[in-house]
Amino acid sequence: MHIRSSRGLRALALTLSTALASAITLVGLPAAHANIEHTVQQATFTLSDADKAGMSNKDYWWTNEGSHSWVKFVEAGADLVLHYTVTSTDSGDVEPLANASVDLVTAANGGTFSGSTTETTDENGQVTFTLHSTLANADAEPRPVAPSSMSYWDDSRGGFPEKKFDITPTVHALSENVDRVWTHTVKTADAPVAPEYTIALSAGDKAGMTNKDYWWTNAGSHSWVKFVTAGGWLNLGYRVTDGNGDPLCGVAVTLNTANNGRASFGGSTTEYTGQDGQVFFHLHNDTTDATAEPRPIAPSNMNYWDDSRGGTLNGESTFNFEPTVGADVEHVDRVWTHSVKAMAEATFTLADSDKSTMTNKDYWWTNPGSHSWVKFVTAGDSLALHYTVTDENGTPASDTEVVLNGGGPGSYAGSFPQFATTDANGQVTFNLTNTNVNADAEPHPVAPSSMSYWDDSRTVAHELTFNFEPTVIGAGTTHVDRVWTHVVKSAGGDVTPFANISLADADKAHMTNKDYWWTNAGSHSWVKFWEFGTDLVLHYRATDANGAGIANKVMTLNTAPGGASFTGSLTATTDAYGYATFTLTNTTSYDDAEPFPMGASNMDYWDDSHGAELNGREVKYDFTPTIGASSENLDRVWTHTVRSAPTAPSDPADLMVTPGDGSLHVSFHSNDGHSAITSTTFRLGWKTTRSAKSLKLKTITVNGYANDYTFENLTNGIAYTVAVSVTNAVDTSATVSSDKVFAGAAQQPSIDEITAGNHKLVITFMQGDEGAAATRYFGVSLDGGQTWKDSKSWRGSPITVKALENDTTYQVQVRQWNKFGPSAASEEVDGTPMADVPFAPRLGRIVSASNSFTVNFRAGKDGGAEIFDYEYSLDGGNTWSSAGSTDSPLEIDGLDSATQYSVAIRAVNSSGSGASSTVRAATTKKG
């Protein structure tokens with residue numbers, strides 16, 4: 001861009017008339033326009049606010065009073081739309097300049113546009129120009145960089161040709177105030193890669209690497225060496241710039257890799273640059289300790305490579321990374337990694353300032369060299385843990401990724417594990433925020449306890465703990481300062497000093513008292529058998545020391561799983577009398593549950609009568625209620641999830657018998673009642689002749705569950721019945737029988753649709769397979785198969801059944817006949833005959849009054865149902881109103897006098913509104 005002085009801009013303004021005249025001659029525009037009735041003295045051109053919102057105001061670039069300069073970045077190949085409003089003050093007032101020819105005077109300096117530069121204003125003085133940038137990406141300017149954006153120009157880039165195109169609107173008035181637009185054509189956001197780019201590592205990444213530029217001598221490129229612990233992570237942050245030093249946005253960067261030394265990495269090797277040209281890779285070292293190199297020894301460290309180890313290496317575990325965007329010339333920071341074994345031993349020591357507010361409980365955790373610390377954390381507060389990490393020699397472990405594991409019923413912001421990297425002194429800090437609220441937390445400690453000390457002086461049924469344990473991935477041995485936190489209410493929290501939380505007597509009546517399982521004075525243990533897949537409802541009441549209900553308190557069920565699973569809310573708020581109810585659904589599967597209790601046990605009592613059958617596993621889930629009182633006596637529930645008692649198999653369902661040529665195929669399904677089905681029985685019954693009275697039977701018993709079977713070598717044309725039952729160790733199901741099925745008959749047809757008509761039904765259906773002989777005709781049942789009408793005139797679909805009662809629902813089935821007999825009936829589909837809508841009435845004479853019409857008519861046929869109303873329309877049938885009458889003539893009131901209407905009528909029966917009469921124009925008389 002050319003930087004203009006104010007003096008130069010004033011000079012430019014003084015010569016504007018001459019320049020405009022020249023420009024008019026250059027673009028071939030006429031000096032006057034026939035559609036302007038007189039010469040305009042004063043014209044003002046104003047860009048729309050929407051256009052200016054994407055531009056920058058540069059008024060000081062052009063100092064004509066009342067005129068403005070706007071700068072706009074336009075992407076190569078994009079459209080530029082300018083909306084101007086043109087006004088004139090010739091009449092003394094500001095008025096739109098309508099029907100005026102507006103020309104765009106343009107000045108190009110490397111930019112090119114196509115599109116009409118002459119348009120005509122509308123009646124509001126508005127005119128729109130649509131111009132298209134014809135410049136290619138290769139010829140355009142680079143996109144602006146920070147702090148520039150596509151709406152702002154600050155010349156921060158410099159050093160390259162500008163692709164400008166200036167636009168000035170005119171109607172050739174004697175004096176004009178204009179919004180002038182200065183455009184710069186820039187490359188698109190996804191412009192192709194330029195021939196030369198630089199891909200440089202961030203300073204933070206290089207700080208943990210060693211410069212080995214002499215390993216790779218490409219001008220402008222650099223070599224960096226990095227030690228990566230086996231199983232650890234390698235983070236690489238690059239910035240991509242073009243030959244002008246401008247960042248490259250939205251371009252794919254790929255890491256070319258070279259594994260020539262046993263190392264391996266996982267993770268995406270293609271990422272995309274952001275707006276500032278930055279791109280980040282997060283790679284995991286998949287190399288194992290057995291494959292990795294030994295760790296560097298003095299004077300080496302993890303940031304330095306001096307080959308002081310010599311023959312102990314037995315091969316280097318290297319992996320090289322080289323970034324590229326595919327440019328013709330690239331200057332890159334290449335990274336050569338060595339995978340080294342993890343620490344043989346790591347020690348994590350908490351800062352003394354942290355430990356001074358904690359209590360040493362080493363006997364809680366007896367790993368040699370490790371320590372246990374207890375810390376009270378107020379609900380919602382922060383906790384900072386400052387660790388120093390040292391290796392087996394006591395040397396600080398710098399640039400080492402530390403993993404903080406954590407877990408418990410308490411909650412802290414963020415997911416666990418969390419990751420951080422030690423600094424040069426081996427120090428790392430984790431800043432943690434507790435997300436529990438007072439209602440969930442433990443009671444605040446009472447004297448002689450304090451927030452730094454834990455002495456169990458309180459009696460709490462529920463401890464809200466969360467434990468933190470740091471580690472280094474791959475360390476052979478770790479000695480840590482472990483932190484055990486308790487989340488407590490704030491000192492000002494609403495703390496209840498004492499509560500009794502008792503189960504309802506109705507609940508306890510189905511449980512067994514096992515108080516000796518839990519010996520807290522005043523508290524009780526109840527055992528409950530819980531069938532898999534069923535609900536457990538617990539009704540609790542919280543009372544104070546005087547027996548009064550504790551109202552409006554959040555009650556929480558603390559849980560201890562032991563193989564069972566459930567869903568349902570674990571919190572409830574006590575009502576005005578202290579009552580709270582929990583409904584929990586057991587989601588344990590039948591196979592995962594314990595065996596059902598045997599005699600003398602029942603579902604209320606547990607006596608371990610199963611012995612070895614339990615297979616050493618009890619499927620338990622324990623529930624402990626609390627409202628967070630300082631002291632609580634409660635009813636704890638210990639549940640066992642058991643299988644339900646086995647039952648007889650369910651009766652066979654969906655029995656289907658499909659005829660074949662000399663065969664019948666039988667299928668069904670049954671549930672085993674949680675006891676394996678041991679046998680399936682099929683019984684085939686038939687008569688040898690049509691007149692025979694004795695029934696022949698054939699019984700087939702199959703071991704196990706056989707839910708399909710085929711009877712073969714049967715006689716086509718014989719009517720057979722099939723009966724099925726199943727047996728398990730408990731009992732035998734009921735025997736379920738089929739209807740008669742003819743061997744060799746066709747398979748059942750399928751109804752597609754039933755169309756209702758006046759006293760009739762039209763049945764559309766799909767024929768079944770013909771069976772052992774050609775189909776002869778079809779039959780229909782209207783009462784669900786109780787009675788049938790078979791007609792040789794019904795040869796296929798559709799079948800029309802007439803002489804039916806309108807508004808009566810029939811249960812329709814279809815069957816298919818061949819010479820061996822009828823097929824099975826189709827599924828049942830309901831059909832309800834309905835009258836037709838009435839025929840159109842015939843209009844007679846229309847008698848007009850000042851505010852009404854009297855309409856004479858002759859009724860049409862009623863369609864099969866009584867006509868109970870007529871409707872009229874006064875707008876040719878667009879809208880309709882009830883006449884409230886069935887007699888001719890109809891009286892239509894409430895009309896405007898001396899007004900023409902388009903009159904029509906139609907009849908209504910139970911099936912709806914009928915066809916309209918013809919439309920006739922009629923005019924009311926003057927009032």
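**Notebook: charges and salt bridges in a predicted model**

I began with the secondary structure and counted six helices and 66 strands in the chain, taking helices (H or I, at least four residues) and strands (E, at least two) as DSSP runs numbered from the N terminus. The model is predicted, and I kept to pLDDT of at least 70 for local features and 80 or more for side-chain atom pairs, while totals for chains, interfaces and linings use all residues. Residues are numbered from 1 along each chain as its sequence is written, and side-chain values use heavy atoms, with hydrogens and water left out.

Next I looked up burial, and found that 45% of the 927 residues count as buried, where buried means under 20% relative accessible area, exposed over 50%, and partly exposed in between (1.4 Å probe, protein chains only). Among contacts with a separation of 6 or more, 67% come from residues 24 or more positions apart, a contact being heavy atoms within 4.5 Å.

I then searched the whole structure for salt bridges and found eight, each being a side-chain nitrogen of Lys or Arg within 4 Å of a carboxyl oxygen of Asp or Glu.

One of them joins the side chains of Lys 355 and Asp 352 at 3.8 Å, N to O. These two are about one helical turn apart, because they lie three residues from each other in helix 5 (residues 352–355). I noted that Lys 355 is buried at 18% relative accessible area, whereas Asp 352 is exposed at 63%.

Glu 469 and Arg 482 also form a salt bridge, at 3.8 Å, N to O. This pair links distant parts of the chain, with Glu 469 in strand 30 (residues 465–472) and Arg 482 in strand 32 (residues 481–488), 13 residues apart. Glu 469 is partly exposed at 28% relative accessibility, and Arg 482 is buried at 17%.

For Arg 906 and Glu 871 I recorded a salt bridge of 2.6 Å, N to O. Here too distant parts of the chain are linked, since Arg 906 sits in strand 64 (residues 900–909) and Glu 871 in strand 61 (residues 869–873), 35 residues apart. Both Arg 906 and Glu 871 are buried.

I also noted a network of salt bridges that links Asp 505, Lys 508 and Asp 635.

Last, I looked at a surface patch of positive charge, in which Arg 776, Lys 792, Arg 795 and Lys 819 gather; such patches take residues with over 30% relative accessible area and no salt bridge, like charges being joined within 9 Å. Lys 792 lies in the loop between strand 54 (789–791) and strand 55 (799–801), and Lys 792 counts as exposed because its relative accessibility is 59%.

Conventions. Patch = residues over 30% accessible without salt bridge, like charges linked within 9 Å, V, L, I, M, F, W, Y side chains within 5 Å. Areas by Shrake-Rupley, 256 points an atom, 1.4 Å probe, with all protein chains shown as cover. Lys, Arg positive; Asp, Glu negative; His and termini not counted. Charge placed at Lys NZ, Arg CZ, Asp CG, Glu CD.
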